[in-house]
Amino acid sequence: MPASLHPADQPPSSDGFIRVRGAREHNLQDVDVDIPRDRIVAFTGVSGSGKSSLAFGTVFAEAQRRFLESVAPYARRLIAQGSTPHVDEITGLPPAVALQQPRGAPSTRSTVGTLTTLSNSVRMLYSRAGTYPEGAEQLYSDSFSPNTVVGACPRCHGLGTAHEVTEASAVHDPSLSIREGAITAWPGAWQGKNLRDVTAVLGYDIDRPWRELPREDRDWLLFTEEQPVVEVHPKRDRVAKPYKGRFWSARQYTLHTLADSQSETQRNKALRFVESGPCQLCHGSGLTRAALAVTFGGLNIAEFNALPLSEVAEVLRPAATLTHPEPATSRVTSGERSEVAQSIAHDLRSRVEVLVGLGLGYLGLDRATPTLSPGETQRLRIATQLRSGLFGVVYVLDEPSAGLHPADSESLVQVLDDLRASGNSVFVVEHDMDIVRRADWIVDVGPGAGSGGGRVLYSGPPEGLAEVSESVTRRYLQPRTEPVVHEQRQPVGTLKLRDVTLHNLRGATERGATGGGLDVDLPLGVMTAVTGVSGSGKSSLVGGVLPEVATHHPIVSRVFEVDQKPIGRTPRSNLATYTGMFDAVRQAFAATDDACTRGWTAGRFSFNVEGGRCEVCQGEGSVSVELLFLPGSWAPCPECHGARYNAETLEVRRNGSTIADVLAMTVDDASEALADLPAAARALDALRSVGLGYLRLGQPAPELSGGEAQRIKLATELQRARSGHTLYLLDEPTTGLHPADVELLTEQLQRLTDAGNTVVVVEHVMSVVAQADHVIDMGPAGGDEGGRVVAAGTPTEVAASAASRTAPYLRTALGS
């Protein structure tokens, strides 16, 4: 359907627009739309309306496909490729770069340096321009990475943390004998018995209490590297024959399990028998001694990576600003004044200054990615992608403001303006109305989600959206003017946190005192919003401190953390299986006359076991296709065509639908089709209440964003009947939600609170904060400049604070 263009802005027939014709990707309904180039264009609409399908699935996918056509087939197979978009024609399309939201959890080896690729340049700087000890050989850049074989510390394998087996960790009760299980680190069952029998054959007393054994014997049994093999003659089993048994010391067995076991359960069990701490060989850096001996600016690479980025820029300044650099030589001593040093340091410093300009100067290059807040991660990714200096490119950004405090969004807007001023087009899929208002053009998709959306309702300047009655977005585009009406709840108790010193939580208390740890009073029985700029300590307080402290409070009977970790790591885990509704669906299909006649149970309708699933794809619905000189890819299974089940199973229908049809339904569609199944209906209603009506029941877990995974967990909790006082902890649950969906989510949080629970939510969306009973504002800045409570009280009280960076945005949300 053609987009309704603003009358005053009908595109000319000449160039200047990207013209999309007949777009049918996902739920798009044969969309025709003209999008201006060299402008900031915001794609808006409720979650699942089709805006990402238009911006990423159509425009970016087509640009990428055209680029890859120019790449040699052999090289093309090394590049991750998307599918060809379903569109009739796109003209006027320049090259495109996409910045999408990450899926899944970051690696524990990932750091700020690896995420921004600054680590590559730092390693090169130390390799080519570092100061080496006299007589040392020059090291390649890989030698300065803990993630490579040549660079990793031989003791901790690059992790910086060493696991040591001690007598205390391996023997939990020294009053026991070896036969009674004194060596707790040894395995149980027959493996443990085998080791005890081998020990007896070796001449050790396995019936004497452990503490009475000679020190020499205890040390050998726990720490020896020897593995003698002896013949064991079972005495109590007349059937068993003699066998050869190998001895494993407690240390050998435990470290072998940690290093080589494929079972996560076994590895976690082995961790109970070790003492973990910073590796003494590399002092926690994960690097070899040879790498740590090289310095730049008087710092080894571990010390350099530990500096805040603002200080890194200063360390690089002398080399980056050399006026008379020395020519490069083969002499391996110091190259800090060489041309190579100047070139690398200048590039590094300019890249670091971009991050400092985005308010991230307090981070160090060695900061682990899993410890970053969502806002910090988002800004790092933006800075990495957007400092390329490209011209004439379409940047397609997926919710660049996600996880950002309104004050942090100001620097983001400046980055987007700079990109446009450099001759690029900036397309943003965005829910933050402050960002949308700053755009030059809006493409509003809707009006609903899934099959109820997929149409372009409006394409034109922001002010014209007010005339489109179908648009859900239009009423949120203008700032709130009427005051928020919210009846404040009264606390039923207080959770007192005293002298908290986790990460950057420290310094001033709520009463203005200085020094020591942080003191916070959290009211119970109400909804509390924790606010503050990115890196101010919100997640450390809510996710790091509250869970442990709250479990000891007499009022709190349960603590439930609703985090953004994936609900599953394989395509077999999906929305229906996680919420438990699929059990009810399978039972309903097993109860049909056709299934009963065939003698089928609910197990027949599971795609995870043999019987009803398609055996060609093992119930996954797709198969891997390997092509010579072309990239390997996934394609619908040729047998079941993506249905996951075999043809015989799909003969059974319930209300006209097969089990595969049900998995293909969206939550909204399934709420009607499965209304007669109480268990499924409860789950579906809960999912819709948190704005997830657009997701498919069979949508694989790896395809879900962190925000979607968090809301699925919340919906699963909402459908369960609970007694007692529960403390709910949520970290930015509105991530990825349209303002209309935010209202639905806020209603559910209020519902949880009204049921007698406590809700604590880390949040940047001021409309949610305005509906809270209590606000704790952290700051005043990020990193070392944060970690303190700037203001606390009702939303109105915090909005009046002169010291709070949140206050002016909260006043706007309150309509005051």
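Helix 24 (residues 678-689) and helix 25 (residues 706-718) pack at an angle of about 135°, with their axes 8 Å apart; here the axes are lines fitted to C-alpha atoms, for helices over the stretch in contact, and angles run from 0 to 180 degrees between N-to-C directions. That angle makes helix 24 oblique to helix 25, given that angles under 35 degrees count as roughly parallel, over 145 as roughly antiparallel, 65 to 115 as roughly perpendicular and the rest as oblique. Helices (H or I, at least four residues) and strands (E, at least two) are DSSP runs, numbered from the N terminus. This is a predicted model, in which local features need pLDDT of at least 70 and side-chain atom pairs count only at pLDDT 80 or more, while totals for chains, interfaces and linings use all residues. Residues are numbered from 1 along each chain as its sequence is written, and side-chain values use heavy atoms, with hydrogens and water left out.

The crossing of helix 24 past helix 25 is right-handed; a crossing is left-handed if the near helix is turned anticlockwise from the far one by less than a right angle, and right-handed if clockwise. On the helix 24 side, Ala686, Leu687 and Ser689 meet Ile712, Ala715 and Leu718 of helix 25, where contact means heavy atoms within 4.5 Å. Sorted by class, this contact of helix 24 with helix 25 has 5 nonpolar, 1 polar and no charged residues, with Ala, Val, Leu, Ile, Met, Phe, Trp, Tyr, Cys and Pro counted as nonpolar, Asp, Glu, Lys and Arg as charged, and the others, Gly among them, as polar.

Helix 25 itself has 13 residues and reaches 18 Å from its first C-alpha to its last, close to the 18 Å expected at 1.5 Å a residue, the expected span being 1.5 Å times one less than the number of residues. How many of the 13 residues of helix 25 are buried? The count is 13 of the 13, so helix 25 is largely enclosed by the rest of the structure; buried means under 20% relative accessible area, exposed over 50%, and partly exposed in between (1.4 Å probe, protein chains only).

Helix 25 also packs with helix 26 (residues 739-754), at an angle of about 40° and with the axes 12 Å apart, which makes helix 25 oblique to helix 26. Helix 25 passes helix 26 in a left-handed crossing. Arg711, Leu714 and Leu718 of helix 25 meet Leu745, Gln748, Leu749, Arg751 and Leu752 of helix 26, and by class the contact of helix 25 with helix 26 has 5 nonpolar, 1 polar and 2 charged residues.

Helix 12 passes helix 13 in a left-handed crossing. The residues in contact include Leu309, Val312 and Leu316 of helix 12 and Ala345, Leu348 and Val352 of helix 13, and by class this contact has 12 nonpolar, 3 polar and 2 charged residues.

Two single residues can be considered next. Ala152 is found in the loop between helix 4 (118-129) and strand 6 (161-164), and at 14% relative accessibility Ala152 counts as buried. Not counting residues up to four places away in sequence, Ala152 touches Ser145, Pro146, His157, Gly158, Gly286 and Thr288. Ser540, placed in helix 18 (residues 538-550), counts as buried at 13% relative accessibility; with the sequence exclusion of up to four places, Ser540 touches Leu502, His503, Asn504, Leu505 and Val545.

The backbone deserves a separate look. Most residues other than glycine have a negative phi, and most peptide bonds are trans. A cis peptide bond, with omega about 5°, joins Gly446 and Pro447, and Pro447 sits in the loop between strand 14 (441-446) and strand 15 (455-460). The bond from Gly779 to Pro780 is cis, with omega near 5°, and Pro780 is placed in the loop between strand 24 (774-779) and strand 25 (788-793). Asp30, in the loop between strand 1 (17-23) and strand 2 (31-36), has a positive phi near 55° and counts as partly exposed at 38% relative accessibility.
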